[in-house]
Amino acid sequence: MTDPTTYSAASPQDGINALAAAHRELTDLLEQLDGELSTSVGQWDDNARVAYQGAQLQWAASSKRQQGIVQRLVDVAEQS
């Protein structure tokens, strides 16, 4: 049995890798959704289209922030 208080560089790196993979999966799913809806969005009423476009902007901003966080974690892990 390992001591849970012992620091292991592998554990943070595993967490960073898992976070990066989850971010990629979410980004891929959102891109897939956008691709599937892109042909039909033009047929939506104005309120629905505007709401969807607003959500897309929020997703894009969140995705950019998440990518920045993941990159900073990678940078910090590489320095340690």
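Does D46 count as buried, partly exposed or exposed, and at what relative accessibility? D46 counts as exposed, because its relative accessibility is 54%. Buried here means under 20% relative accessible area, exposed means over 50%, and partly exposed lies in between (1.4 Å probe, protein chains only).

The model is predicted: local features need pLDDT of at least 70, side-chain atom pairs count only at pLDDT 80 or more, and totals for chains, interfaces and linings use all residues. Residues are numbered from 1 along each chain as its sequence is written, and side-chain values use heavy atoms, with hydrogens and water left out.

The secondary structure of the chain comes to 2 helices and 0 strands. Helices (H or I, at least four residues) and strands (E, at least two) are DSSP runs, numbered from the N terminus. Helix 1 covers residues 10-41. Helix 2 covers residues 46-79. The chain has 80 residues, of which 12% count as buried. Accessible areas come from the Shrake-Rupley method with a 1.4 Å probe; for residues, only the protein chains shown count as cover.

Side chains of opposite charge can pair when their charged atoms come close. A salt bridge is a side-chain nitrogen of Lys or Arg within 4 Å of a carboxyl oxygen of Asp or Glu. The count by this rule is 1. D46 pairs with R49, and their closest N and O atoms are 2.3 Å apart. Both residues lie in helix 2. They are 3 residues apart, about one turn of the helix.

Aromatic rings were examined next. Rings of Phe, Tyr and Trp (its six-membered ring) pair if their centres lie within 6.5 Å; planes under 30 degrees apart count as stacked, over 60 as edge-to-face and the rest as tilted. This gives 2 aromatic pairs. W44 and Y52 are edge-to-face, at 5.4 Å centre to centre and 75° between the planes. Y52 and W59 are also edge-to-face, because their planes stand at 80°, with ring centres 6.1 Å apart. W44, Y52 and W59 form one aromatic cluster. W44 is partly exposed at 27%, and W59 is partly exposed at 32%.

A nonpolar patch on the surface consists of L19, I69 and L73, with about 220 Å² of accessible area together. Patch residues have over 30% relative accessible area and no salt bridge; like charges are joined within 9 Å, nonpolar side chains (Val, Leu, Ile, Met, Phe, Trp, Tyr) within 5 Å. L19 lies in helix 1 and is partly exposed at 39% relative accessibility.
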